[in-house]
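Reader: I'd like to talk through a protein model with you. Can you show me what we're looking at?

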Amino acid sequence: MSTLAPGTTLQKLWGRSFIFIMLANALLFMAFEMLLPTLPLFVSTLGGQASQIGLVTGIFMFSAILVRPFTAVLATWMDKKYWLIIGIAICALMTGAYYLSSGIGMILVFRVIHGFGFGLATTYFATIATENIPKTRRGEGMGYFGVGETVAVSIGPLVGTTLLLKSSYQSLFMGGMCILLLALLMAVFVSRKPKQMSANEIQHAPQATVKWIEKKVLFPSLLIMLVGIAAGAIMSFVALFANERGFTNIAWFFFIVAIASFVVRLFSGKMFDQLGPGSVLLPAAGFAIAGLLVLIVAQNDFQFLIAAALYGFGFGAIFPAIQTWCVNLVEEHEHENAMASFFNFFDLGIGGGSLVLGVVASAFSYTMVYAISIGIFVVYILLYLIYSSKQKSIKNRPLEVHIE
């Protein structure tokens with residue numbers, strides 16, 4: 001049942017700017033994912049040890065997390081579209097610069113700078129996309145916006161490894177840089193549609209500040225961190241788990257996750273807009289749990305791919321729903337802070353989860369890793385139910401009237 005008032009027309013979603021920003025964001029993640037399986041190989045050719053390879057990966061995420069809390073303040077110094085272009089340009093230059101690295105120290109410097117650019121770009125992509133989506137269709141629009149990211153997660157590693165196998169590291173890094181330059185060109189043609197404010201609203205608008213955590217989105221950010229832990233288990237260990245079980249369709253696993261994520265977003269965003277967060281977040285968690293259960297008990301490739309589809313339905317619906325929820329909880333001038341908290345908690349979940357679950361895998365098994373991931377989703381469901389119950393209690397609480 002639609003929440004639109006009688007006589008209200010559905011506002012336009014698919015404008016030029018929204019299409020360009022969706023595609024440019026996908027290209028950013030494409031270039032990023034191309035380096036995930038290939039940059040560690042490049043580091044090893046320069047004599048890097050396992051600990052140094054881990055540092056190269058970790059320091060990138062740390063610098064991205066470090067810069068995001070400053071994005072709201074930076075947007076007061078210069079239009080956020082220009083910061084977006086700068087972020088993409090940094091990513092492009094650093095991707096090409098990796099080939100010039102003569103040692104581990106130089107790669108680490110490039111990774112820190114690259115992480116700053118990635119942190120800027122991801123935050124401003126999300127906030128500018130929000131500006132170009134009608135508020136009544138925000139869940140639907142953010143779902144479509146994130147489709148490119150999901151597809152890139154599956155295709156990027158394949159493109160990167162293929163370029164490396166067929167050609168060289170130079171082709172890999174130059175190819176990634178060209179993809180990012182195309183993203184930059186698309187970003188140039190994106191128009192911003194910020195909320196129009198009166199002179200009085202501008203005068204009394206709160207000053208932007210550096211916020212490491214936006215308290216208004218703390219709860220949904222905690223949920224996305226839990227989702228990130230489980231996602232880290234899939235990204236980091238599913239290939240090793242598949243080899244251990246004798247499954248051969250590892251590339252197809254990630255492809256089906258991407259396809260399922262795309263399909264579910266065709267309707268999950270509309271459900272969010274019409275029925276609220278719970279209509280998406282709870283059923284989606286059920287799908288994710290079902291996928292992990294099937295993964296644990298899978299005995300053949302077909303069951304392995306069924307697990308991918310179920311997990312893809314769950315994760316594909318949850319990520320944009322929580323992202324949209326965070327945006328809806330804050331005012332427009334707080335969008336950068338909300339998105340900074342959202343992405344940082346998700347990245348912390350992936351990074352910290354991969355580290356802790358890696359220890360679990362070494363001590364026990366990959367099956368235990370995915371059993372723990374199921375437990376994490378159960379905690380996620382319980383937390384949401386408790387939160388929802390408290391919100392209803394507050395809403396239904398009668399107002400106290402004092403008679404003197």
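This is a predicted model: local features need pLDDT of at least 70, side-chain atom pairs count only at pLDDT 80 or more; totals for chains, interfaces and linings use all residues.

Reader: Which share of the contacts between residues at least 6 apart in sequence joins residues at least 24 apart?
Author: For context, the protein has 404 residues, and 51% of them are buried. Among contacts between residues at least 6 apart in sequence, the share that joins residues at least 24 apart is 85%.

Reader: Is helix α7 largely enclosed, or largely open, and how many of its residues are buried?
Author: Helix α7 covers residues 138-145. Its buried residues include Arg138 and Glu140, as well as Tyr144 and Phe145.

Reader: Is Thr38 buried or exposed, and what is its relative accessible area?
Author: Thr38 sits in the loop between α1 and α2. Beyond its neighbours within four places in sequence, it touches Gly160, Thr161, Leu164, Tyr169 and Leu172. Buried means under 20% relative accessible area. Thr38 therefore counts as buried, at 1%.

Reader: Where does Arg68 find its salt-bridge partner, and which residue is it?
Author: Arg68 lies in the loop between α3 and α4, while the partner is in helix α15, 279 residues apart.

Reader: Which residues are linked with Lys80 in a network of salt bridges?
Author: Lys80, in helix α5, pairs with Glu131 of helix α6, 51 residues apart, at 3.2 Å, N to O. Lys80 also meets Glu336 at 2.4 Å, N to O, and that pair is 256 residues apart, with Glu336 in helix α15. Both Lys80 and Glu131 are buried, and Glu336 is buried too. So much for the pairs; the residues linked with Lys80 in the network are Glu131 and Glu336.

Reader: And on the outside, what accessible area does the nonpolar patch with Val263 have?
Author: Val263 lies in helix α12 and counts as partly exposed at 34% relative accessibility. The patch also includes Trp252, Phe255 and Phe267, among others. Together, the patch residues have an accessible area of about 640 Å².

Note on methods
Residues are numbered from 1 along each chain as its sequence is written. Side-chain values use heavy atoms; hydrogens and water are left out. Buried means under 20% relative accessible area, exposed over 50%, partly exposed in between (1.4 Å probe, protein chains only). Contact means heavy atoms within 4.5 Å. Helices (H or I, at least four residues) and strands (E, at least two) are DSSP runs, numbered from the N terminus. Patches are made of residues with over 30% relative accessible area and no salt bridge: like charges are joined within 9 Å, nonpolar side chains (Val, Leu, Ile, Met, Phe, Trp, Tyr) within 5 Å. Accessible areas come from the Shrake-Rupley method with a 1.4 Å probe; for residues, only the protein chains shown count as cover. A salt bridge is a side-chain nitrogen of Lys or Arg within 4 Å of a carboxyl oxygen of Asp or Glu.
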